[in-house]
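Subject: Structure handover

Hello,

Here is the structure I promised to pass on. Please open it first, then read the notes below it.

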Amino acid sequence: KQCAIVLRFMRSFFKNPENQKRLDEFEASAKGSGHDYRAQLVQLLAHEVYPRIYQKLHVPVMDDLDGPKLMLEAMSNVSGSTLEVVELWLEVELLMRNQASAQSALAAVQFFRDQAKSQQVSKPTEQPSYENIRDAVQVARQFEQSNGQGSTAKAESPRKEASASEPGSKPSEPLVHTEESSPPKNGNGS
């Protein structure tokens, strides 16, 4: 969550036309040297961007050496967060014209998009709804009663059974097993 806050702040900062003009100046003075450009960008981040972020997040002010190091460490998990956050990361890197990091962000975005596609293929196109489950329980009860199986057992109303699957209640056993209720296949949550 805090990574997204930081990235949104950085996006806002670098979308500002005045700050884009500063990056134009950095590129002009670097004369094509990516190293020189990034050195100027790091100075801008360390002296203007990160201190504002620390203030916003109520982080004690860091000195010139510890500030960037802390930010790099704090943001190191961005690539493994969510698609939304890595897309934001990519946008920020592109706004900063930081080509090397933009490539890493692009790879992370592609990874998450590929994961989403593979999960969509394995999921049913329509998840069972509350109404579908209630209707299925009602039909099953009627079938049992019409075959004489429900005559000796105390029959509960379909509405009472359906209410057990409402939010906040705990059914003794799931009525329908879906991908979401199944354990992850590879043990790492994907």
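**Histidine 58 and its loop**

Histidine 58 sits in the loop between helix 3 and helix 4. Helices here are DSSP runs of H or I with at least four residues, strands are runs of E with at least two, and both are numbered from the N terminus. Histidine 58 is exposed, with a relative accessible area of 71%. For that term, buried means under 20% relative accessible area, exposed means over 50%, and partly exposed lies in between (1.4 Å probe, protein chains only). The phi of histidine 58 is positive, near 60°, and the residue is not a glycine.

Valine 59 is in the loop between helix 3 (34-56) and helix 4 as well. Valine 59 counts as partly exposed, at 28% relative accessibility. Setting aside neighbours within four places in sequence, valine 59 is in contact with Tyr54 and Leu70. Contact means heavy atoms within 4.5 Å.

**What you are looking at**

This is a predicted model: local features need pLDDT of at least 70, side-chain atom pairs count only at pLDDT 80 or more, and totals for chains, interfaces and linings use all residues. Residues are numbered from 1 along each chain as its sequence is written, and side-chain values use heavy atoms, with hydrogens and water left out.

The protein chain has 8 helices and 0 strands. Along the sequence the pattern reads α-α-α-α-α-α-α-α. The chain has 190 residues, and 25% of them count as buried. Take the contacts in the chain with a separation of 6 or more: residues 24 or more positions apart account for 58% of them.

**Helix 1 against helix 2**

How do two helices get described when they pack? Two packed helices are described by the angle between their axes and the distance between the axes. Helix 1 (residues 2-15) and helix 2 pack at an angle of about 75°, and their axes are 5 Å apart. Axes are lines fitted to C-alpha atoms, for helices over the stretch in contact, and angles run from 0 to 180 degrees between N-to-C directions. The two helices, helix 1 and helix 2, are therefore roughly perpendicular to each other. That label covers 65 to 115 degrees; angles under 35 count as roughly parallel, over 145 as roughly antiparallel, and the rest as oblique.

On the helix 1 side, Phe13, Phe14 and Lys15 take part; they meet Pro17, Asn19, Gln20, Arg22 and Leu23 in helix 2.

Asparagine 19 belongs to helix 2 (residues 17-30). Asparagine 19 is buried, at a relative accessible area of 8%. A polar atom of its side chain lies 2.7 Å from the backbone oxygen of phenylalanine 13.

Buried residues in helix 5 include Val85, Val86, Leu88 and Trp89.

Helix 5 is followed by arginine 97, which has a positive phi near 60°. Arginine 97 is found in the loop between helix 5 and helix 6 (99-122). Is arginine 97 buried or exposed? Arginine 97 is buried, with a relative accessible area of 18%. Its side chain and that of aspartate 24 are joined by a polar contact of 2.6 Å. A polar contact is a pair of N or O atoms within 3.5 Å; within protein, one must be able to donate a hydrogen and the other to accept it, and residues adjacent in sequence count only if both atoms are side-chain atoms. Leaving aside neighbours within four places in sequence, arginine 97 is in contact with Gln20, Leu23, Asp24, Glu27 and Tyr37.

Lysine 31 lies in the loop between helix 2 and helix 3. Lysine 31 is exposed, with a relative accessible area of 75%. Its phi is positive, about 50°, although lysine 31 is not a glycine.

Asparagine 77 is in the loop between helix 4 (66-74) and helix 5. Asparagine 77 is exposed, with a relative accessible area of 57%. The C-alpha atoms of asparagine 77 and cysteine 3 are separated by 8.5 Å, and the two residues are 74 residues apart along the chain.

Best wishes
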